[in-house]
Amino acid sequence: MTITIKDIANKAGLSPASVSRILTNRGRFNAETAQKVRDLAESMGYFKNQSAADLSQKESRVIGVLVPSSHTNFADEIIKGMQSKAYELNYELIVAFVESDIQQQIQTVKSLLSRNLLAIAMLAIDIDDTVLAVLLDTNVQLISVSNQLNNKIPSISSNNYDTVHDIVDYLYDNGHRDIALIGSSRPEPIVANLRRQGFIDALSEHGITYNPDFIWGVENTYQTGLDAIKHFGVPLPFSAAIGSADIISIGLLNGAKDAQLSIPEDLSIVTIDGTDLTQLTRPILTSTKQNFQLMGQLAITSLAEKKLSPHTIIFTDTTLVLGGTVASPLQRGKEN
């Protein structure tokens, strides 16, 4: 037999309306009474019909989350942040994975939109214009997390320009003058453009003319890191490389070792992301750590508060975490 709010109300000696407000976190109640109702609901096996609740409140509390099916080592962290805040604010997440195929993306998006959604959050996805048109032609809120798409959709991410600029400053301070940026050569994405510009501007401010050949690699994959070492050959024409993702930097590290290069004496590496993967390498990767869980939490909070405009960009801070993959001038046997 299905347990209803009325059943719980009879057991608790309260009105069904009061029980409903307690279970949906609406209104103020004595803490002891509220806990008693929640305990009763759990012990009696009550299961809330969220769709019915949304209809009765005339507002959905369901947020769709689009995640790329190609593995990103930080998507799990974003989802953890989203889930913790969604639970706190009484929202529900529906996670859907999208392939690179445009027709499949459209099908997945339309499937999500067939539900009663408050919003759709896109995690590190570069959306095709055709798919974007489908998303924009809706009444649901949209937000991009860990990526900047355009001025039509608000976003939460790190400041990609400043991130790379700061890494170049750090490498320069450690005596490096020939620096490569691996994994950000794709021309279209806004994130790649911002990282390239931060890279170029930082070099310029230090009096270094950048070598366009040193911005190399399209995909954020392990293979990109491996191929970079083979592409440039030994001895490498640069002393330091910035990996645009942890998985790229691990490829750089292993590719360098395969080529009998010493890390960090022959090649220094700084990675962008700073996920737990950086702790598995030897030496541990020096990283610019992004706060992915905070991005997820802010996404839910912003959607709940409905204060986002299409032009909104929220930046989260990054932290330089020192590992063992950056050589000082002394280690490299060079003077400043």
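In which strand is the place of Asp273? Asp273 sits in strand β9, and I will come back to this residue once the sheet around β9 has been described. What we have here is a predicted model, in which local features need pLDDT of at least 70 and side-chain atom pairs count only at pLDDT 80 or more, while totals for chains, interfaces and linings use all residues. Residues are numbered from 1 along each chain as its sequence is written, and side-chain values use heavy atoms, with hydrogens and water left out.

Let me begin with the sheet. Six strands make up an open sheet of mixed pairing, and their order is β7-β6-β8-β9-β10-β12. Strands β7 (215-216) and β12 (318-321) are at the edges, where each has a single partner strand, so one side of each is left without a neighbour in the sheet. Strand β6 (residues 179-182) and β7 run parallel and are joined by two bridges, and Trp216 in β7 is the bridge partner of Ile182.

Across β6, β8 (240-243), β9 (268-273), β10 (286-290) and β12 lies helix α8 (residues 160-173), which runs at about 160° to β9. The axes behind that angle are lines fitted to C-alpha atoms, for helices over the stretch in contact, with angles running from 0 to 180 degrees between N-to-C directions; contact means heavy atoms within 4.5 Å. In the loop between α8 and β6 we find Asn174, which is buried with a relative accessible area of 17%. Here buried means under 20% relative accessible area, exposed over 50%, and partly exposed in between, with a 1.4 Å probe and protein chains only. A polar atom of the Asn174 side chain lies 2.9 Å from the backbone oxygen of Tyr170.

Thr319 touches Ser287, Thr288 and Lys289, leaving aside residues up to four places away in sequence. The C-alpha atoms of Thr319 and Thr163 are separated by 9.2 Å, although the two residues are 156 residues apart along the chain.

Is each of them buried or exposed? Gln260, in the loop between α11 (246-258) and β9, is exposed at 68% relative accessibility, whereas Asp273 is buried at 2%. The loop between α11 and β9 also holds Pro264, and the peptide bond from Ile263 to Pro264 is cis, with omega near 15°. A cis peptide bond also joins Arg282 and Pro283, with omega about 0°, and Pro283 lies in the loop between β9 and β10.

Finally, helix α7 (residues 129-136), whose buried residues are Val131, Leu132 and Leu135. Seen down the axis of α7, these fall within an arc of 100°, so they line one face of the helix. They pack against α6 (102-113), β3 (119-123) and β4 (141-145). The N-terminal end of α7 is capped by Asp128, one of whose side-chain oxygens lies 2.8 Å from the backbone nitrogen of Thr130.

Notes. Two strands pair if DSSP finds at least two bridges between them. Helices (H or I, at least four residues) and strands (E, at least two) are DSSP runs, numbered from the N terminus. A polar contact is a pair of N or O atoms within 3.5 Å; within protein, one must be able to donate a hydrogen and the other to accept it, and residues adjacent in sequence count only if both atoms are side-chain atoms. The arc is that of the directions from the helix axis to the C-beta atoms.
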